[in-house]
Amino acid sequence: MLDYPGRGAATVWEPEPGPDASALDSLLGAPRTTVPRLLAEPLPTVELARRLGVTPSAVSRHLRVLHATGLVTRARDGRHVLYRRSPLGEQLAAA
């Protein structure tokens, strides 16, 4: 008679590990995860660029992708377009 433990049986009763915050940076890249974190308040592209120390065109590219994926919303305010986190973006920033 052979007796051996089944694979994975030792981890059945252990709690599931929580989410890894650095995994999101690896998936999206640091700039695209930093932008939603900065959008706790509505901001225009030029202000985001100033805070990140990059060009407005670079921020605009990131915002275009984030808007297309539903992570940020935009609304016109005079000559500026203000960006803010969507509810999905809020969940992302909280993680």
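This note reviews the fold, the sheet, the nonpolar core and the salt bridges of a predicted model.

1. Basis of the note. The model is predicted, with local features requiring pLDDT of at least 70 and side-chain atom pairs counting only at pLDDT 80 or more, whereas totals for chains, interfaces and linings use all residues. Residues are numbered from 1 along each chain as its sequence is written, and side-chain values use heavy atoms, with hydrogens and water left out.

2. Overall architecture. The protein chain contains five helices and three strands; both kinds of element are DSSP runs numbered from the N terminus, helices being H or I with at least four residues and strands E with at least two. Read from the N terminus, the order of elements is α-α-β-α-α-β-β-α. Of the contacts with a separation of 6 or more, 39% join residues 24 or more positions apart; a contact means heavy atoms within 4.5 Å.

3. Surface and burial. The accessible surface of the chain is about 7100 Å², and carbon and sulfur atoms account for 57% of that surface. Accessible areas come from the Shrake-Rupley method with a 1.4 Å probe, and for residues only the protein chains shown count as cover. Among the 95 residues of the chain, 24% are buried. Buried means under 20% relative accessible area, exposed means over 50%, and partly exposed lies in between (1.4 Å probe, protein chains only).

4. Three strands form an open sheet in the order 1-3-2, with antiparallel pairing. Strand 1 and strand 2 (72–77) are at the edges with a single partner strand each, so one side of each has no neighbour in the sheet. Two strands count as paired if DSSP finds at least two bridges between them; strand 2 and strand 3 (residues 80–85) are joined in the antiparallel sense by six bridges.

5. The nonpolar core. Such a core is a set of buried Ala, Val, Leu, Ile, Met, Phe, Trp, Tyr and Cys residues joined through side-chain atoms within 4.5 Å. The largest one has 12 residues in all, including V35, L48, V59, L63, V72, Y83 and L92. Helix 3 and helix 4 are the elements that give two or more residues to this core, and helix 4 gives the most, with three. Beyond residues up to four places away in sequence, Y83 touches L39, E41, P42, L43, T45, L63, V72, T73 and R74.

6. Helix 3 and T45. The buried residues T45, E47, L48 and A49 are in helix 3. T45 has a relative accessible area of 18%. Leaving aside neighbours within four places in sequence, T45 is in contact with P56, V59, S60, L63, V81 and Y83. Just after helix 3, G53 adopts a positive phi of about 75°.

7. Salt bridges around R51. The whole structure holds four salt bridges, a salt bridge being a side-chain nitrogen of Lys or Arg within 4 Å of a carboxyl oxygen of Asp or Glu. One of them joins R51 to E41 (3.9 Å, N to O). Since R51 lies in helix 3 (residues 45–52) and E41 in the loop between helix 2 (30–38) and strand 1 (43–44), the pair ties together parts that are 10 residues apart in sequence. Both partners are partly exposed, R51 with a relative accessible area of 38% and E41 at 41% relative accessibility. R51 also meets E47 in a salt bridge (2.9 Å, N to O); E47 and R51 are four residues apart in helix 3 and thus separated by about one helical turn. A network of salt bridges links E41, E47, R50 and R51.

8. The R85–E90 pair. R85 and E90 form a salt bridge in which the closest N and O atoms are 3.3 Å apart. R85 counts as buried at 14% relative accessibility, whereas E90 is partly exposed at 37%.
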